[in-house]
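Subject: Structure handover

Hello,

Here is the structure for you to look through. My notes on what was found follow below it.

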Amino acid sequence: PRCEKKVEEICRLRGMFSYLPLLTRKKTYGGRVRTHEVPLFSGYVFVRADAAGRAFLRQNQRVANMLEVTDQATLLRQLDQVRRALEEHEAIELFPHLSAGMKVEVRSGPLKGVEGYVHKVRNKTRIVLNIDFIQQAVSVEVDAEWLVPV
């Protein structure tokens, strides 16, 4: 954590392809506006490396773990979509990956603290609230940004 930029620089200096998606953040400190870039996916740098490059990264103190990619074509396509979105839009936020059936908690809004299961109907995010005792459930539409996986 907090070494992503250093790892990306190490990869660049070694000639390895790397990608670190960054968000520009503006903060005000005592009337002064500071702009800095932070990793979009905290703790992750995407690197294409051969066996020698992977061995070098494993020995680096700034790399905690490496994940092997089985479907590289899909990952590259998805990272390209993120890259394009970062280039074209300023209002990008990290969003938890939600899928149908996932247990979530509402973290803000009028239903704050409620837990349920994600259910999508016609592109709207809904959560299902179960009453197990009577084997019934209700579905409520919520803003997906309010949800956090449990």
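Ile127 touches Val104, Val106, Val114, Tyr117, His119, Val138, Ser139, Val140, Val142 and Leu147, leaving aside residues up to four places away in sequence; contact means heavy atoms within 4.5 Å. This is a predicted model, where local features need pLDDT of at least 70 and side-chain atom pairs count only at pLDDT 80 or more, while totals for chains, interfaces and linings use all residues. Residues are numbered from 1 along each chain as its sequence is written, and side-chain values use heavy atoms, with hydrogens and water left out.

Cores

Ile127 also belongs to the largest nonpolar core, which has 9 residues: Leu98, Val104, Val106, Val118, Ile127, Leu129, Val142, Ala144 and Leu147. Strand E5 (103-106) and strand E7 (124-131) each give two or more residues to this core. A second, separate core has 6 residues, including Val7, Met16, Ala49 and Val63. A nonpolar core here is a set of buried Ala, Val, Leu, Ile, Met, Phe, Trp, Tyr and Cys residues joined through side-chain atoms within 4.5 Å. Buried means under 20% relative accessible area, exposed over 50%, and partly exposed in between (1.4 Å probe, protein chains only). Helices (H or I, at least four residues) and strands (E, at least two) are DSSP runs, numbered from the N terminus.

The largest pocket has a volume of about 1,200 Å³. It is lined by 36 residues, of which Val45, Phe46, Val47, Leu67 and Val69 are the closest to its centre. H3 gives the most to this lining, with 9 residues. By class, the lining of the largest pocket holds 21 nonpolar, 6 polar and 9 charged residues. (Ala, Val, Leu, Ile, Met, Phe, Trp, Tyr, Cys and Pro count as nonpolar, Asp, Glu, Lys and Arg as charged, and the others, Gly among them, as polar.)

The second largest pocket contains about 220 Å³ of space. Its lining consists of Arg2, Cys3, Glu4, Lys5, Lys6, Glu37, Val38, Pro39 and Ser42, divided into 3 nonpolar, 1 polar and 5 charged.

A pocket is an open set of points on a 1 Å grid over the protein atoms alone, where a 1.4 Å probe fits, with protein on both sides within 12 Å along at least five of seven lines; lining residues have an atom within 4 Å of a point. Grid points are joined across faces, edges and corners, and a volume is the space filled by probe spheres set on the points.

Regards
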